[in-house]
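Biologist: Hi! Could you walk me through this fold?
Modeller: Happy to, here it is.
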Amino acid sequence: MGKITIGAFPGLVGSLSLDFAVKLSEAAVKKGHSVDFWVSSNGTMLSKKGQRAFKDYSVLYKTLEELFKTGRFQACACEACAEARGYHKEDTMDGWIRKSMDWYLASCYNADRVLLIGGE
């Protein structure tokens, strides 16, 4: 199986691109691929701990927790984007890393496939 790097660049309001990117990651891991998952912009909020589930509202943190357990999934949030939104390293959910975009570019370099999802 191969390595897939997914960059999620969700829009500001009402975008389902982040949901799609997580579900695509889940499907790829289930098929035996490894996935490097990068979020920037408002997508960094996906890595914030203390999230709550609400009825009829997208909840992705449980899926991500299961993906981390597989050992074939790693996720990185843009550190500058997170800091700009007012949350810090100690606020980051277990399993996530925070780095500059260099992490994402390095992952793209040695990936079998690179997908960019979202954006304006």
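Modeller: A word on terms: two strands pair if DSSP finds at least two bridges between them, and helices (H or I, at least four residues) and strands (E, at least two) are DSSP runs numbered from the N terminus. This is a predicted model, where local features need pLDDT of at least 70 and side-chain atom pairs pLDDT 80 or more, while totals for chains, interfaces and linings use all residues. Residues are numbered from 1 along each chain, and side-chain values use heavy atoms, without hydrogens or water.
Biologist: Great. How many bridges join strand 3 to strand 4?
Modeller: There are 4, between parallel strands, with strand 3 covering residues 73–78. Within that pair, Ala-77 sits opposite Arg-98 of strand 4.
Biologist: And what is the strand order in the sheet?
Modeller: The order is 4-3-2-1-5, in an open sheet of 5 strands with parallel pairing. Strand 4 (96–99) and strand 5 (113–118) are at the edges with a single partner strand each, so one side of each has no neighbour in the sheet.
Biologist: Switching to helix 1, which of its residues are buried?
Modeller: Ser-17, Leu-18, Asp-19, Ala-21, Val-22, Ser-25, Ala-28 and Val-29. Buried means under 20% relative accessible area, exposed over 50%, and partly exposed in between (1.4 Å probe, protein chains only).
Biologist: What covers them?
Modeller: The cover includes strand 1, strand 2, helix 2, strand 3 and strand 5.
Biologist: Which residue follows helix 1?
Modeller: Gly-32 follows helix 1, and its phi is positive, near 105°.

Key. Contact means heavy atoms within 4.5 Å.
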